[in-house]
Amino acid sequence: MKIVIIDYGAGNIANVYHALKRAGSEGIVSSDPLVIADADALILPGVGAMGDAMSRLTESGLSESIRDSVEKGTKLAGICLGMQALYDYSTEGGHVEGLGFLPGHIEEIPAAPGRKVPHMGWNELVFARDYWISRGLPAHPYVYFVHSYYKVPADTEDVIATADYGVPIPAIVGKGNVIGLQFHPEKSGAIGALLLRNILEWFKL
């Protein structure tokens, strides 16, 4: 199986590559639209600002290649900023168009007494419904977050699991052949490794 980790200059590529290898599968890191078009499955990682990320994806031709692949049925997993890019748009730095695979948009986490932004640290996943990605997880799984923006609203059918940060943070989202993780599975220890193995098994279906 050819799994391509999309390299568009938005960080954490090496961490995702090594985490995937530890989970039992070696991905190909590529910024070539033709390689992406030929992939069996795609991983879109990312840290940083949505505007910069989408500019890189668009100018390189990668966004078009990703859209074409997903439309023909290729499975796609987005991680952190890569998850946010799955939505219609983000308000980070204005109005930034996303890839539009999932309905909704991305807003800054609202400031409040006792709530630090960025949201950084370990939080429990609370599943809204059964989904294949939760297979084998313990009753109270904790994962590691680093982000300042989040998907709203949190009660739509694409939201699979949330984390409580004074506001519900959509943590796992998905529909059809697209899945997204707002947290960093590659930094989430045994739980993150299990989630990645579940994603790899899903890729093979």
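User: In which helix is the place of Gly 51?

Analyst: This is a predicted model, and the helices in it are numbered from the N terminus. Gly 51 has its place among residues 50-59, and that run is helix H3.

User: Is Gly 51 buried, partly exposed or exposed?

Analyst: The relative accessible area of Gly 51 is 23%. Buried would need a value under 20% and exposed a value over 50%, so Gly 51 is classed as partly exposed.

User: Which residues of helix H1 are buried, and where around the axis do they lie?

Analyst: Helix H1 spans residues 13-22, and its buried residues are Ile 13, Val 16, Tyr 17, Ala 19 and Leu 20. Because these residues cover an arc of only 165° around the axis, they lie on the same side of H1. In general, an α-helix has 3.6 residues a turn, so residues three or four places apart point the same way. The buried residues asked for are therefore Ile 13, Val 16, Tyr 17, Ala 19 and Leu 20, and their place is the same side of H1.

User: What do the buried residues of H1 pack against?

Analyst: Both strands and a helix take part in this packing. The partners of the buried residues of H1 are strand E1 (3-6), strand E2 (28-30), strand E3 (41-44), strand E4 (75-79) and H6.

User: Which exposed residues does helix H4 carry on the face turned away from its buried side?

Analyst: In helix H4 (residues 62-71), the buried residues are Leu 62, Ser 63, Ser 65, Ile 66, Ser 69 and Val 70. They cover an arc of only 160° around the axis, which means that they are on the same side of H4. The face turned away from that buried side carries the exposed residues Glu 64 and Glu 71.

Methods: Residues numbered from 1 in each chain as written. Predicted model: local features only at pLDDT ≥ 70, side-chain atom pairs only at ≥ 80, totals over all residues. Heavy atoms only, no water. Buried < 20%, exposed > 50% of the residue type's maximum accessible area, 1.4 Å probe, protein only. Helix = DSSP H or I, 4+ residues; strand = E, 2+ residues; numbered from the N terminus. Arc of directions from axis to C-beta. Contact = heavy atoms within 4.5 Å.
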